[in-house]
Amino acid sequence: DGCGHTLLGPESGTLASINYPQTSPNSTVCEWEIRVRPGQRVQLRFGDFDIDDSDSCHSSYLRVHNGIGPTRTEIGKYCGFGFQMDGLITSKSNEVTVQFMSGTHTSGRGFLAAYSTTDKSDLITCLDNASHFSEPEFNKYCPAGCVIPFADISGTIPHGYRDSSSLCMAGVHAGVVSNTLGGQINVVISKGIPYYEGSLANNVTSKVGPLSTSLFTFKTSGCYGTLGMESGAIPDSQITASSILEWSDQTGQVNVWKPENARLKRVGPPWAAFISDEHQWLQIDLNKEKRVTGIITTGSTLAEYYYYVSAYRILYSDDAQKWTAYREPGVDKDKVFQGNTELYQEVRNNFIPPILARFFRINPLKWHQKIAMKVELLGCQFSIGRAPKITMMPPPPQNKNDDLSDDFIHSVKTSLQTDKTTFTPEIKNTTVTPSVTKDVALTAVLVPVLVMVFTTLILILVCAWHWRNRKKKSEGTYDLPYWDRAGWWKGMKQFLPTKSAEHEETPVRYSSSEIGHLRPREVPTMLQTESAEYAQPLVGGLVGTLHQRSTFKPEEGKEASYADLDPYNSPIQEVYHAYAEPLPITGPEYATPIIMDMSSHPSTPLGVPSISTFKAAGNQAPPPVGTYNKLLSRTDSAASAQALYDTPKGQPGPGAAAELVYQVPQSVAHSTASKDE
């Protein structure tokens, strides 16, 4: 008489002392015999242990044995208040005996334990909740029998369960594991929500819960989409029933509650049977075999007609001729599903394992006033496997609804007692997907958006890289930065003449005799750069160091260069002056040579000697015509001519007068006019 909540499954189970979690009565005893498959061993884990140890485990204790019967051997004897037993107790064979003895005591809750085969290394008990684990995602094995009347859960799928809910009990409610068999759960922890809804599912009542810091959901296969009753994908012709309720109301209007009315959330009356007995059924043809994982039902949803089905069976077939009643594995009785407790609430039941079939029948076993309901099936398509054919449908009972067999009434009572569960165990994120179509729609939106975002980011990076390379390429190592060039140009433009694009001026060559008249000056080191935009060639005459800007325009087409010049020791050579220096401030100003490409003036005769227009310094006579005043010139034209210079009036020579009058060079007027234009 000391046995409490007990469910011994083929691979796992749960057992507790009488009155747990209240104080167990005095002088009670209970003994459990546990058997698993041959070749397996049993492991035992305690979720709570609180047994009086005032007499050193003499009258109150828990004893575990290897084996069953007279040949069993003791593994251990345990007692103590709040005794912590973190490890597992493992047997040496596939059989274990657990014996609980309660003597005279005043306190002590007793114990609650779970067992499984030793291959389930991650076994937990029905009392474990999400706060016991620090990982954001983890896998655990839930034993059978975790639908316990002294535990509560808050929340539902797909929103999640409050963190105070029992993991295993929430797993049963979500349809992830079976209360009869137990099973593996994959838990995901996430941030809590302000409000948790309540619902009835799989004989477990989830209560409304307040705000919590975290919640949990379960990862599943995702085969929980609606199969077409609500949406209309299943046509009316594929929904049939054993009978149809039809009557006339007080106004004389005929009301027909046809099978096609049995669509979940459809406004209006439901399907109702003409006769309310256990022989009635509602049949749904899915048009082809599908994987069905659950069912949702409601009552009439009409306040004036308080009708609903509170218990039913499920039968399935491939040809609508031979029907199989759904049973859980290892159970030799048809499974009775808990239905509605009122006419509005949606109640869900899951099939573990799923049903693979084309035709489904719902066979009401208990109802309120009349058989009336609305339905939706959950599941998905499948490609491998067949439906588990468990047993043929037995002949329906011939007695009336009130005369059901004792066994059947007992099974129905057992399935209905679980809506009295009031304790909220800890559970976190259940990811059972209620609708495959919603997931498909979400995926169809997210995938294109993500592709567009990534494409945009890649284009931005490529454009930035390309712009950076172009910027580096346009700015040399020694160039001014791009942002400084415009300002520098505007500042220098006012000092520099406009570049002529009509003719390229020819650089001037000086002979060594002319170089001798030059005063030595410092020449900078050669720079391999492009010629300055507005530099002018240096012309003969006395050159001094000045500090004013030159406005001469440089020659174009050939790179300028410097040469280190020693006017006394260097051999006679031609020197090209890349840049002109300004004329001396204190010295007299002299006319600069005018370099002209005579190829553009055909009227000028060829072979005329070049004549210098330089004025001699002081009283010194200008150098004689010939070797010393001859200026060399170059032109780009193949028929180029030498630049012509006029000679001073009179006979030039060493004995000439100190001051000479010079004529204006020929063709200057024409050139000047063209330039002014």
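## Aromatic pairs

Searching the whole structure turns up 19 aromatic pairs. Take Phe46 and Phe49: their ring centres are 5.4 Å apart and their planes sit at 90 degrees, so this pair is edge-to-face. Keep in mind as you look around that this is a predicted model.

Both partners can be checked for burial, where the cut-off is under 20% relative accessible area. Phe46 has 8% relative accessibility, so Phe46 counts as buried. Phe49 comes in at 1%, so Phe49 counts as buried too.

Phe216 and Phe218 are both buried.

## Charges over rings

Which ring does Lys120 lie over? That would be Tyr141, with Lys120 over its face at 5.2 Å from the ring centre.

Arg361 lies over the face of Trp281, and the distance to the ring centre there is 3.8 Å.

## How confident is the model?

Across the chain, pLDDT averages 74, and 61% of the residues score at least 70.

Over residues 385-438, pLDDT stays under 50, and the model has 182 contacts beyond four places in sequence for them. Residues 499-570 also stay under 50, with 133 contacts of that kind in the model.

Methods
Residues numbered from 1 in each chain as written. Predicted model: local features only at pLDDT ≥ 70, side-chain atom pairs only at ≥ 80, totals over all residues. Heavy atoms only, no water. pLDDT = per-residue confidence, 0-100. Contact = heavy atoms within 4.5 Å. Phe/Tyr/Trp six-rings, centres within 6.5 Å; stacked < 30°, edge-to-face > 60°. Buried < 20%, exposed > 50% of the residue type's maximum accessible area, 1.4 Å probe, protein only. Lys NZ or Arg CZ within 6 Å of the ring centre and 35° of its normal.
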